[in-house]
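Please read them beside the coordinates.

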Protein chains: 2
Amino acid sequence: MDDLTKLDGVPLYVKIRQSLRENILNGSYKRGEKIPSEEELSAQYGVSRMTLRHSINDLIDEGLLYRRQGVGTFVAHHHLARDHSRLTNFFENSRMDGLQVSEKVLDFRQIPAKYQVAKALNLKEGDPVICIKTLRFIETEPVTVHEAYIPMALFSDLLNMDIESQSQDLWGFYERCGYKVKRGVQRLEARQADEDLADMLSMQVGAPILYKERTLFSEDGTPIEFLYCFNRGDMYSITVSLLR
Amino acid sequence: MDDLTKLDGVPLYVKIRQSLRENILNGSYKRGEKIPSEEELSAQYGVSRMTLRHSINDLIDEGLLYRRQGVGTFVAHHHLARDHSRLTNFFENSRMDGLQVSEKVLDFRQIPAKYQVAKALNLKEGDPVICIKTLRFIETEPVTVHEAYIPMALFSDLLNMDIESQSQDLWGFYERCGYKVKRGVQRLEARQADEDLADMLSMQVGAPILYKERTLFSEDGTPIEFLYCFNRGDMYSITVSLLR
DNA sequence: GAGTGGTCTAGACCACCCG
DNA sequence: GGGTGGTCTAGACCACTCG
């Protein structure tokens with residue numbers, strides 16, 4: 001039993017979680033039905049009940065299972081698409097949908113932080129930040145103007161690099177600097193295109209824009225990036241899933 | 001030790017979690033700093049390490065702490081506002097901000113489900129649903145047209161009730177019927193007001209609308225409600241926080 | 001090597017739900 | 001009363017990080 005852990009370095013609760021997930025997804029455990037009790041399953045997998053509960057807790061967090069005290073553990077009726085409960089980035093998202101995406105760098109330089117940027121990044125007004133402004137395309141159509149600000153104090157290396165090679169994988173760059181993206185807070189508004197935006201996004205002045213402000217944080221809570229994002233209303237929607 | 005559990009019925013890990021949370025929020029444990037090791041803390045609280053880890057895991061989920069294997073457990077630098085990572089409803093939200101909110105019922109009747117509604121609620125096209133359409137006001141300003149559909153099969157009781165008394169607490173009504181709101185998936189778009197919307201929301205035709213579609217689910221994954229929501233762009237924004 | 005978190009055990013008693 | 005999940009223990013060994 002413990003041998004299994006040691007052989008491949010994969011914890012038992014991860015293997016059991018995977019096994020249970022397969023049973024749920026392939027229908028061995030049917031939607032709405034009770035799965036075997038924790039005692040039964042721990043005997044079946046040859047582990048202690050605590051270990052088995054670790055696996056089940058993970059699957060409950062994913063929304064695949066739910067518990068009713070004194071009754072049992074059940075398969076949820078509806079399985080939420082996992083993608084939408086997670087923070088993802090534009091290029092990941094679009095490429096998963098099989099779309100051709102590209103971008104053009106409009107601006108890239110160090111500037112002093114304005115009030116809102118400084119506040120979001122936990123800096124003082126005027127502290128140095130790097131501004132990366134890009135225009136993003138899906139299949140040759142311009143869809144998004146993207147204006148990101150990152151603290152110079154954390155990411156000054158970027159100025160010595162070729163921005164064209166980094167701009168499509170900023171999150172990877174952050175991670176290589178020791179700041180892995182873990183959480184984000186975003187605010188969404190409906191706006192209208194002004195002349196500049198209309199021009200860049202090939203739309204009419206006054207056409208709807210899905211406006212997004214977002215701050216990204218690493219696991220330790222350091223603000224990594226503050227972003228303004230202007231999305232063509234007719235080409236772009238945002239899906240999120242939330243817990244009560 | 002166990003006495004504590006029995007006296008008031010509050011589990012130890014909940015008490016310890018609360019104690020740790022207080023130490024973090026009042027600054028006894030400072031942002032970015034290491035808290036005592038798990039062994040130390042479990043001795044301090046007089047519990048086993050597994051119980052202590054239960055408390056810490058909860059605080060990590062909340063974003064207050066993070067772990068680094070082989071190093072220690074640390075207080076996160078930034079504490080996300082908890083409100084925004086959770087599904088909340090209009091009246092809760094606005095009243096917490098101290099605003100006067102009200103609503104007018106525009107439509108309330110049983111109809112056959114159209115394709116999109118049926119699909120979201122896991123019904124067949126034409127299955128009976130209840131439509132509740134309302135206009136919502138903040139401080140006498142109309143801000144939202146709200147069009148909810150709920151399965152007749154689950155909530156037929158509503159037809160015998162006074163909708164005016166229930167419409168501001170639909171989630172409470174769902175819960176009293178045995179379906180507690182637990183998860184939701186929403187999709188957001190920027191649109192423009194057509195003549196009807198412009199009229200209802202006292203705005204000009206073509207003005208920006210933050211459009212939202214949302215499906216609510218109970219813990220067991222049953223779809224409870226499907227919603228179309230048209231929000232005045234100049235009065236309404238939506239904030240969400242997400243995990244990577 | 002010392003200290004830390006990651007995993008795991010083999011039990012135990014309790015609270016809850018249902019027939 | 002019997003079955004279920006909820007909580008808890010007192011250890012153990014491992015993997016990782018750092019000085």
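The points below cover the DNA contacts and then the protein interface.

1. Basis. This is a predicted model: local features need pLDDT of at least 70, side-chain atom pairs count only at pLDDT 80 or more, and totals for chains, interfaces and linings use all residues. Residues are numbered from 1 along each chain as its sequence is written, chains are lettered from A and ligands numbered from 1 in the order in which they are written, and side-chain values use heavy atoms, with hydrogens and water left out.

2. Of the atoms of DNA strand C within 4 Å of the protein, 66% belong to sugar and phosphate.

3. The side chain of Thr51(A) places an N or O atom 2.6 Å from a phosphate oxygen of DNA strand C. For Arg67(B), the side-chain distance to a phosphate oxygen is 3.0 Å.

4. Interface size. How many residues of chain A are in contact with chain B? The count is 49, against 50 residues of chain B, with contact meaning heavy atoms within 4.5 Å. The two chains bury about 4,500 Å² between them, 57% of it on carbon and sulfur atoms. Buried area is the accessible area (1.4 Å probe) that two parts lose on being put together, summed over both. In chain A, Arg183(A), Leu242(A) and Arg244(A) lose the most area to chain B, together 20% of what that side buries.

5. The salt bridge count is 0, taking a side-chain nitrogen of Lys or Arg within 4 Å of a carboxyl oxygen of Asp or Glu as the criterion.

6. Strand pairing. E7(A) gives the most residues to the side of chain A that touches chain B, namely 12. E7(A) and strand E9 (residues 238-243) of chain B pair in the antiparallel sense over 6 bridges. Strands are DSSP runs of at least two residues, numbered from the N terminus, and two strands pair if DSSP finds at least two bridges between them.

How values were computed. A residue is near a molecule or strand if one of its heavy atoms lies within 4 Å of it. A polar contact is a pair of N or O atoms within 3.5 Å; within protein, one must be able to donate a hydrogen and the other to accept it, and residues adjacent in sequence count only if both atoms are side-chain atoms. Helices (H or I, at least four residues) and strands (E, at least two) are DSSP runs, numbered from the N terminus.
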